[in-house]
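Dear colleague,

Please find below the structure for your review. My notes on it follow directly after.

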Amino acid sequence: MIKTLIQYESYNRQEVHDIFDPNSTFKSGTGTWGLQGILKIPKREKDYVFFVTFGQSQSGHTFEEGITEDGILTWQSQPKQTLHHPQIINFINHNHLINNIYLFLRTSRLNPFTRKAQSFTYLGKVAYVTHDREREQPVYFKWQILDWNIETAQKKLGDITFIEGNENSKLPKSNSSNRLLITDPPEPRRYTQGKGITSREFKGRQVDFAETSKKNRDIGLAGEILVLNCEKQDLINIGRPDLAEQVVHTSVIEGDGAGFDILSFTPNGEPKFIEVKTTTGGKGTPFVMTLNEVAFSEIHVDHYYLYRLYDYNRITNSSELYILEGDISRQRQLLATQFKVY
């Protein structure tokens, strides 16, 4: 009986083979599924399985791989692969919304107690973050593990040691708490896949991909509450406590679907329909909007405000943000990720 694929469950190579390629013959310790670390899934053009064992060496190269507490995997390709290898080009152009890469990881080859081959833990699918455009043979990548849960991963992997990554979610940037710092919006950019970064920039890169995960929902709510409280305080500070009392956390009272999160007001009493998007990632991190939210910005063009909170710090409950006003579709490129079929 084929084992079901479940995140954070343990699998040996044959069990993974039986899930993704059940019609081929499995040979332990040899062949594609019995030995290799990068496996293309048959009949699926750009879907792969990664088998990763920390501390391994191949062709004289010791792999420098690890995971940050935020679920960023530092990973290397096969030692002979260059930046122009067809498989590497596939990885650089990986789009996690279209294609799948499944990550199976173990912290050592042998179980320290039984001295037998250690099973792999399925950590989930990964999304391309960046690659080092200055190094090859092997090529260095960073991947975000989707729906990352550090507590569960630690429990399953046991002896894993997390490598240093982006510290913004752990250390305050200043002594300020419960603060929003307004910045200019980034320049609009066309959607392109993986351009890569330099070796100097390769360390510590965090991007939020798991838009629907519990962690990101919690961060989203925290961002909304921060904006709500700041809007009220700003109105009080300009002598409009009457308007501050009327500020409403719409998404909590009505639930999702109104097209905005917070009803606030300008100093002269005009309505502000505020949509809040929060990330612990950087200023250029893409974010998701629903069709309803985009349509609402088109209809209420004179009263719509998108507050994009970035570098959100959970310890200090503070963030930087930029604001987009009016019709979002006229200011940013929208990439369709889902379709309703009739």
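In the largest nonpolar core, which has 29 residues, the members that touch the most others are Phe 50, Ile 67, Trp 75, Phe 91, Phe 141 and Trp 143. A nonpolar core here is a set of buried Ala, Val, Leu, Ile, Met, Phe, Trp, Tyr and Cys residues joined through side-chain atoms within 4.5 Å. At least two residues of this core come from each of β3 (48–53), β7 (72–76), α3 (86–92), β8 (101–106), β9, β10 (140–145) and α4 (150–157). A second, separate core holds 18 residues, including Ile 219, Ala 244, Ile 274 and Leu 309. In soluble globular proteins, nonpolar side chains tend to be buried together.

Please note that this is a predicted model, in which local features need pLDDT of at least 70 and side-chain atom pairs count only at pLDDT 80 or more, while totals for chains, interfaces and linings use all residues. Residues are numbered from 1 along each chain as its sequence is written, and side-chain values use heavy atoms, with hydrogens and water left out. Helices (H or I, at least four residues) and strands (E, at least two) are DSSP runs, numbered from the N terminus. Buried means under 20% relative accessible area, exposed over 50%, and partly exposed in between (1.4 Å probe, protein chains only).

Strand β3 deserves a separate paragraph. Six of its six residues are buried, so β3 is largely enclosed by the rest of the structure. The burial applies to both faces: Tyr 48, Phe 50 and Val 52 lie on one side, and Val 49, Phe 51 and Thr 53 on the other. Strands are taken to pair if DSSP finds at least two bridges between them. β3 runs antiparallel to β2 (residues 38–40), with three bridges joining the two; Leu 39 has Val 49 of β3 as its bridge partner. With β8 the arrangement is parallel, over six bridges, and Tyr 48 stands opposite Ile 101 of β8.

Strand β9 is mostly covered, with 11 of its 12 residues buried. Its pairings are as follows:

- β1 (residues 10–11) and β9 run antiparallel and are joined by two bridges.
- β8 and β9 are antiparallel, with four bridges between them.
- β9 and β10 are also antiparallel, joined by five bridges; Val 126 stands opposite Ile 145 in β10.

Within β9 (residues 120–131), I would draw your attention to Thr 121. This residue counts as buried, at 4% relative accessibility. Thr 121 is the bridge partner of Ser 10 and also of Leu 105. Setting aside neighbours within four places in sequence, Thr 121 is in contact (heavy atoms within 4.5 Å) with Tyr 8, Glu 9, Ser 10, Leu 103, Phe 104, Leu 105, Lys 156 and Leu 157. Phe 104 is 17 residues from Thr 121 along the chain, and their C-alpha atoms are separated by 5.4 Å.

Asp 327 is buried, with a relative accessible area of 11%. Its side chain makes a polar contact of 2.6 Å with that of Ser 329. Such a contact is a pair of N or O atoms within 3.5 Å; within protein, one must be able to donate a hydrogen and the other to accept it, and residues adjacent in sequence count only if both atoms are side-chain atoms. Not counting residues up to four places away in sequence, Asp 327 touches Ser 297, Glu 298 and Val 301.

With kind regards
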